[in-house]
Amino acid sequence: MAIFVELKDDRSEKVHYDHSDYPIYIRRELLSNYPDYSAPNHWHDDMEFIAVLSGEMKYNVNGEIINIQSGQGIIVNARQMHFGFSDTRSECDFICILLHPMLLCSTSFYEHDFILPVLRNTAVPFIFLNTDTIWHQKILDYIVFMHTNKDLKTAPMKVQSAFSAIWSLLYENMPLDDNTSNLQSVDLNITKNMVGFIQQNYTHKISLSDIAVSGAVGQSKCCKLFAKYFKQTPNVYLNRYRLNKSIELLRNTDMTITEIAVSVGFNGASYYAETFRKWLGKSPTEFRKGR
């Protein structure tokens with residue numbers, strides 16, 4: 001079953017939690033279920049935990065590429081741009097867990113002294129988890145534990161307990177924040193502004209100049225930031241976003257292919273269909289028939 005990450009207008013992920021009253025998301029997934037073996041680049045306020053069960057994948061966090069092999073994993077801090085992918089279209093079986101830090105904010109004291117120091121530590125955009133480090137292995141075990149128990153009636157309690165134990169390990173072992181990543185934070189915010197502009201205006205004609213202006217940077221800087229964070233040009237990013245939006249219309253409406261093409265910002269149905277086939281390996285009509 002194909003997986004399409006739903007994004008908000010600010011490029012943050014719209015997370016569909018497992019429980020209406022608890023911000024907990026736990027899934028076991030295959031990378032091949034994502035279009036072109038790649039999730040879209042996104043961010044969210046949740047902490048993300050990945051444990052690779054078999055195969056391998058690459059993970060892009062703020063433009064840095066991490067190779068994750070079977071038995072390894074990664075923790076992505078809140079509000080970081082990230083996505084998993086395979087440029088060789090290799091399979092990967094993995095557990096993905098999203099947990100909102102508010103689960104641990106029982107008091108303002110607890111939030112101020114223990115939660116915010118981790119969330120605001122610019123030296124920790126992510127932590128690569130390997131089996132050679134004892135506390136890393138403990139976290140990997142907790143990730144598997146949460147997935148194993150996710151369907152129990154007491155799952156929210158078990159997950160919160162494991163989350164608290166993981167947070168304690170992070171707090172005790174994270175590097176000190178020396179504020180050396182301020183430039184990275186500025187670039188990240190500029191990039192979020194530019195992708196936010198694309199999301200809000202993708203149905204219209206958008207030029208490279210328009211995208212650059214939305215981030216208050218020159219066109220050269222704009223292209224460098226998209227290459228850094230997305231490994232693609234602004235125009236490719238724009239088309240991929242339009243294609244993702246068209247997927248929603250193909251699955252949920254009876255609009256014609258021409259109507260969909262125009263509504264998501266393509267000039268015509270033929271160019272839309274050609275771009276769609278290159279991206280997903282099938283035409284929009286074939287995709288709709290197989291939904």
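Arg27 lies over the face of Tyr25, at 4.3 Å from the ring centre. Such a charge sits over a ring if NZ of Lys or CZ of Arg is within 6 Å of the ring centre and within 35 degrees of the ring normal. The model is predicted, so local features need pLDDT of at least 70, side-chain atom pairs count only at pLDDT 80 or more, and totals for chains, interfaces and linings use all residues. Residues are numbered from 1 along each chain as its sequence is written, and side-chain values use heavy atoms, with hydrogens and water left out.

Helices (H or I, at least four residues) and strands (E, at least two) are DSSP runs, numbered from the N terminus. Buried means under 20% relative accessible area, exposed over 50%, and partly exposed in between (1.4 Å probe, protein chains only).

**Rings and charges**

- The structure holds 15 aromatic pairs. Rings of Phe, Tyr and Trp (its six-membered ring) pair if their centres lie within 6.5 Å; planes under 30 degrees apart count as stacked, over 60 as edge-to-face and the rest as tilted.
- One of the pairs joins Tyr110 and Phe114, and it is tilted because the planes meet at 50°, with the ring centres 5.4 Å apart.
- Tyr110 and Phe114 are four residues apart in helix H1 (residues 108-119), so about one helical turn separates them.
- Tyr110 is partly exposed, at a relative accessible area of 30%. Phe114 is also partly exposed, at 30% relative accessibility.
- Phe276 and Trp279 make an edge-to-face pair, 6.0 Å centre to centre with 85° between the planes.
- Phe276 and Trp279 stand three residues apart in helix H9 (residues 269-280), so they too are separated by about one helical turn. Both Phe276 and Trp279 are buried.
- Ring pairs connect Phe276 and Trp279 with Phe266, Tyr271, Tyr272 and Phe287 in a cluster.

- Ser283 belongs to the loop between H9 and helix H10 (284-289).
- Ser283 is buried, with a relative accessible area of 14%.
- Leaving aside residues up to four places away in sequence, Ser283 touches Phe276 and Arg277. Contact means heavy atoms within 4.5 Å.

**Strand E4 and its partners**

- Strand E4 (residues 73-76) is covered on both faces. Gly73 and Ile75 are buried on one side, Ile74 and Val76 on the other.
- E4 pairs with strand E2 (residues 47-61) in the antiparallel sense, over four bridges. Two strands pair if DSSP finds at least two bridges between them.
- In this pairing, Phe49 stands opposite Ile75 in E4.
- E4 is also joined to strand E7 (residues 126-129) by four bridges, and these strands run antiparallel. Here Gly73 faces Leu129 in E7.

**Helix H2**

- Helix H2 (residues 134-148) has 15 residues, which should span 21 Å at 1.5 Å a residue; its end C-alpha atoms are 21 Å apart, in agreement. The expected span is 1.5 Å times one less than the number of residues.
- The buried residues of H2 are Trp135, His136, Ile139, Leu140, Ile143, Met146 and His147.
- Seen down the axis, the buried residues of H2 fall within an arc of 150°, so they line one face of the helix. The arc is that of the directions from the helix axis to the C-beta atoms.
- Ile134 and Thr148 are exposed on the other side of H2.
- The buried residues of H2 pack against strand E1 (24-30), E2, E4, strand E6 (92-99), E7 and helix H3 (155-173).

**Positive phi angles**

- Most residues other than glycine have a negative phi.
- Asn62 is not a glycine, yet its phi is positive, about 55°. Asn62 lies in the loop between E2 and strand E3 (64-69). Asn62 is buried, with a relative accessible area of 5%.
- Ala216 also has a positive phi, near 60°. Ala216 is found in the loop between helix H5 (208-214) and helix H6 (219-230). Ala216 is exposed, with a relative accessible area of 71%.

**Helix H7**

- Asn252 is in helix H7 (residues 234-252). Asn252 is exposed, with a relative accessible area of 64%.
- Asn252 and Ala227 are 25 residues apart in sequence, and their C-alpha atoms are 32 Å apart in space.
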